[in-house]
Structure formats: C-alpha cells, structure tokens
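This briefing covers side-chain contacts and surface features in one protein chain. Please view the structure first, then read the points grouped by topic.

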Amino acid sequence: IQPNQDNKSVKESNMRQRKGFTLIEILIVITIIAILATTIIPNFIGFDVEARIAATQTNLSSIRTRITLFRAKEGRYPDTLDEMLTAQYDDMGVKRAYLDRIPPELVTSKKGLSTIENISSGDSPSGKGGWAYITDKADVVVNVTEPLSSKWGSYAGQKPNEW
C-alpha cells in the first residue's frame with residue numbers, strides 16, 4: 001500500500017509545481033490566432049470599403065431625389081445646393097426643408113465631406129471631395145475626379161464624379 005501512496009504524492013507534487021503553459025502550447029495558440037486573423041480581417045476591410053461606396057451612392061441618389069422634389073414644388077431648379085437647406089415646402093400642413101443637412105460623401109475620408117462646389121457645365125469639378133452641383137444642369141456629382149485605387153476592390157478604376 002505504501003508504494004501507491006508515494007506515487008500518488010509525487011504526481012500531486014508535480015501537478016502543484018506546474019502552474020503555467022509551456023512554450024510550445026503558447027506558440028500553437030498564437031499560430032491558430034494568426035491563421036484566423038489572416039482569413040477574417042480582409043473580409044472586414046472589404047465590408048468597410050463597400051459600405052462607404054454604398055453610402056456615398058445612396059446619399060447622391062437622395063440629393064438628386066430632393067432636387068427633383070424642389071423642381072416639382074417650386075417650378076424651378078435650385079440656384080445652389082445650399083438653397084435646399086433654407087427653402088421650405090408644405091408637407092400636409094407642415095413646413096419642411098428640402099434637405100435638413102447636406103449628407104456626406106465618404107470616398108474622400110471615412111468621416112465624410114459635406115462641402116459643396118457650385119459649378120457650371122463648362123467647368124470641371126475641383127476633385128477636392130464633397131459634392132459638385134452643376135447649376136445649369138441641376139445635377140449633383142461626387143467631387144472626386146481621380147480614378148479609385150485598388151484598395152476600393154471592385155470599384156477600382158471608377159471615377160466617382162461619373163456615378
């Protein structure tokens with residue numbers, strides 16, 4: 001009976017002394033985390049780019065729709081895009097501005113730019129970001145004239161001012 005008790009105490013003693021992980025265990029865990037990160041992170045990066053493009057295109061469509069509403073209610077197109085912020089229309093007895101605020105363009109920066117450049121159709125947008133309102137055509141375009149780089153995925157090579 002004595003030898004079994006001695007073996008048992010030696011095992012318990014060894015178990016008490018081992019309180020950490022071995023180097024091999026840590027390396028295996030780090031390797032697994034690295035493999036998961038390399039497969040998952042690029043997917044999240046792609047979602048960010050796609051979301052920014054989709055938001056910019058949606059905002060562009062919203063501004064164009066509000067310009068059409070302005071034309072239907074006022075009988076003319078706005079002289080500048082800023083006029084859409086101050087001019088109001090009667091919506092079933094409630095006065096509303098055509099635009100509460102200028103929505104951001106998210107191609108230039110992640111925070112977005114809501115700047116407006118009023119130009120005529122003979123002029124080219126500056127390409128500084130934000131929006132360009134072509135006054136004599138009553139159209140708005142994204143004020144980015146350079147083709148998108150490869151970081152924009154499937155949109156690479158497209159010129160946002162042509163959307």
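The model is predicted. A search of the whole structure finds three aromatic pairs, and the structure holds five salt bridges. Its largest nonpolar core has 24 residues.

**Nonpolar core**

- Ile67, Leu81, Val140 and Trp163 are the residues with the most contacts inside the largest nonpolar core, which has 24 residues.
- Two or more residues of this core come from each of H2, strand E4 (131-134) and strand E5 (139-142).
- H2 provides the largest share of the core, with six residues.

**Aromatic rings**

- Of the three aromatic pairs found in the whole structure, one is formed by Tyr89 and Tyr98, whose rings are tilted at 35° between the planes and lie 4.8 Å centre to centre.
- Tyr89 and Tyr98 are both buried.
- Ring pairs also bring in Phe70, which is linked with Tyr89 and Tyr98 into a cluster.
- Tyr155 and Trp163 make an edge-to-face pair, with 6.4 Å centre to centre and 70° between the planes.
- Tyr155 has a relative accessible area of 17% and is therefore buried, as the limit for that class is under 20%.
- Trp163 of this pair is also among the residues with the most contacts inside the largest nonpolar core.
- A charge also sits over a ring: the charged end of Arg71 lies over Tyr77, 5.6 Å from the centre of the ring.

- Side chains of opposite charge can pair when their charged atoms come close.
- Asp48 and Lys110 meet through their side chains in a salt bridge of 3.8 Å, N to O.
- This pair links distant parts of the chain, 62 residues apart: Asp48 is in helix H2, and Lys110 is in the loop between strand E2 (94-97) and strand E3 (116-119).
- Asp48 counts as partly exposed because its relative accessibility is 32%, whereas Lys110 counts as exposed because its value is 62%.
- Arg64 and Asp139 form a salt bridge of 3.1 Å, N to O, between their side chains.
- This pair also links distant parts of the chain, with Arg64 in helix H2 and Asp139 in strand E5, 75 residues apart.
- Arg64 has a relative accessible area of 26% and so is partly exposed; Asp139 is partly exposed, with a relative accessible area of 26%.

**Further salt bridges**

- The side chains of Arg96 and Asp91 are joined by a salt bridge of 2.9 Å, N to O.
- Arg96 is partly exposed at 40% relative accessibility, and Asp91 is partly exposed with a relative accessible area of 30%.
- Arg76, Asp79 and Glu83 belong to one network, joined by salt bridges that share partners.

**Nonpolar surface patch**

- Ile24, Ile28, Ile32, Leu36 and Ile40 make up a nonpolar patch on the surface.
- Together these residues have about 470 Å² of accessible area.
- Ile32, one of the patch residues, is found in helix H2 (residues 23-74).
- Ile32 has 47% relative accessibility and therefore counts as partly exposed.

**Helix H2 across the topics**

Key: Residues are numbered from 1 along each chain as its sequence is written. This is a predicted model: local features need pLDDT of at least 70, side-chain atom pairs count only at pLDDT 80 or more; totals for chains, interfaces and linings use all residues. Side-chain values use heavy atoms; hydrogens and water are left out. Rings of Phe, Tyr and Trp (its six-membered ring) pair if their centres lie within 6.5 Å; planes under 30 degrees apart count as stacked, over 60 as edge-to-face and the rest as tilted. Buried means under 20% relative accessible area, exposed over 50%, partly exposed in between (1.4 Å probe, protein chains only). A charge sits over a ring if NZ of Lys or CZ of Arg is within 6 Å of the ring centre and within 35 degrees of the ring normal. Patches are made of residues with over 30% relative accessible area and no salt bridge: like charges are joined within 9 Å, nonpolar side chains (Val, Leu, Ile, Met, Phe, Trp, Tyr) within 5 Å. Accessible areas come from the Shrake-Rupley method with a 1.4 Å probe; for residues, only the protein chains shown count as cover. A salt bridge is a side-chain nitrogen of Lys or Arg within 4 Å of a carboxyl oxygen of Asp or Glu. Helices (H or I, at least four residues) and strands (E, at least two) are DSSP runs, numbered from the N terminus. A nonpolar core is a set of buried Ala, Val, Leu, Ile, Met, Phe, Trp, Tyr and Cys residues joined through side-chain atoms within 4.5 Å.
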